[in-house]
Amino acid sequence: MQKTESRRDSIFAVSSSEFQVSSFKFQVSSFEFQVPSFKFQVSSFKFQVSSFKFRVSSFKFRVSSFKFQISNKGGQMDFEKSEQPIVLIVDDESPNLSVLSDYLKQSGVKPLIAEDGEEGLSQAEYAQPDIILLDIMMAGIDGFETCRRLKKNPATKDIPVIFMTALSDTSAKIRGFRLGAVDYITKPFQHEEVLVRIRTHLTLCQQEKKLLELNADLTKTNAAKDKFFSIIAHDLKGALSVLIAGCELLSGSVRDFDRNKIENFSKEIIASAKNTLRLLENLFDWARSQSGSMAFEPEFIELKRLAERNIQIFQGNANCKKIELSLSMKPDTYVYADRNMTNAIIRNLISNAIKFTRRGGEVSISAHSPPVSVWDEETEMADFVEVAVSDTGIGISEENIPKLLKIDNKYMEMGTEDEKGTGLGLILCKEFVEKNNGKIWIESELGKGTTFWFVLPASPSDI
């Protein structure tokens, strides 16, 4: 069950109130409230106040927006008050306040009123309006000083300020802009003009916030990719260095080595070359997925055939470590997904399982059929095929599991026979599973093994 609450846009105020109770008694002898799966019962309850006095000299409670939501698999209740832009008007002339406030209300804007600079500062910090209309010529602190304090306060410095003034000289306008105002409205003003200016600056403010958010996301993403590319470059250089060194050693010593030694060296060079090729294949797939150049063509795929072809590819690796590869999947197990991406997911998970399983261990691939129902917040109940790639390998610690599927975390561990890897294959698995509207997760126990689970849609309606 999920509960969310948010508040925006209402004000309740009491200027002065006093509540007094000399004697009060509330008693329930028996009360019962019952729902088929819930029961609430009070046998006896007594509440008594002999004397009570409560006084409020000033109280204000403000809610900008309120949303209450309860959702679960069975249904959803949703109550939400529509948001309105909030405009704080700071002006010590009551007729101006009243007329402009009424017009803004009729135009779908929520006005707040402050009759001097000090009250305006207080309300701005408390209410966090979307924009402030600020008069310059006011008793007490004027509009310029009010604006200066608004821009000095971290809580209000980003709220756009539009000055309202009868001053028409350029020096006053320049002073206002230097203090941080975004616009001027000259009195007497037209209400339509005020509304247009408010909406224009609200739009600009919203666009600026979106750009800042996008820029922050882009900066974070680029930093993660830069870090990731440095890891890939290092590992690719290392793999090629080993390959070249092996070839040079074999070439320079071929007359000194016997047939068995040459054969062993050749096998090591071939294994290194295959590992480098897999790294390049994954890097190429990942680059295409990031650039959007990888075609996404979902279709019905028989999982068993796809898994069998991948098992054949890795059977040699498994035999070298005396690992038993097994498949438990019905022939009629279908998913609706992109074939190349699904193949890459299965290929990388099998390769990873063999790498971290000791000699004599087991790696199994299985799928649940018929499809299982998976709860999804957006699609609600949907049918997916659940696939598991399990091994009896070294396992992963609980704190390291979250690192495996994140591009900005460098988590690398050598295989049980010093096989190297970059973790790129698992990152690809996550991206490809999610691209096909699926989910992937990991269960593991140190020293006992790991299971990678993923689900893919069983039909077009679920993608």
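This is a predicted model: local features need pLDDT of at least 70, side-chain atom pairs count only at pLDDT 80 or more; totals for chains, interfaces and linings use all residues.
I began with E93, which counts as partly exposed because its relative accessibility is 38% (buried is under 20% relative accessible area, exposed over 50%, partly exposed in between, with a 1.4 Å probe and protein chains only). Residues are numbered from 1 along each chain as its sequence is written, and side-chain values use heavy atoms, with hydrogens and water left out.

Next I looked up where E93 sits: in the loop between strand 10 (86–90) and helix 1 (94–106). Helices (H or I, at least four residues) and strands (E, at least two) are DSSP runs, numbered from the N terminus. I then found E93 in a surface patch of negative charge, together with D92, E115 and E119. Such patches take residues with over 30% relative accessible area and no salt bridge, like charges being joined within 9 Å; a salt bridge is a side-chain nitrogen of Lys or Arg within 4 Å of a carboxyl oxygen of Asp or Glu.

On to S326, which I located in strand 16 (residues 324–328). S326 is partly exposed, at 29% relative accessibility. Beyond neighbours within four places in sequence, S326 is in contact (heavy atoms within 4.5 Å) with I311, V363, S364 and I365. I also noted 8.5 Å between the C-alpha atoms of S326 and S366, which lie 40 residues apart along the chain.

Setting aside neighbours within four places in sequence, I found S351 in contact with R278 and F314.

Terms used
Patches are made of residues with over 30% relative accessible area and no salt bridge: like charges are joined within 9 Å, nonpolar side chains (Val, Leu, Ile, Met, Phe, Trp, Tyr) within 5 Å. Accessible areas come from the Shrake-Rupley method with a 1.4 Å probe; for residues, only the protein chains shown count as cover. Lys and Arg count as positive and Asp and Glu as negative; His and the chain ends are not counted. The place of a charge is taken as NZ of Lys, CZ of Arg, CG of Asp or CD of Glu.
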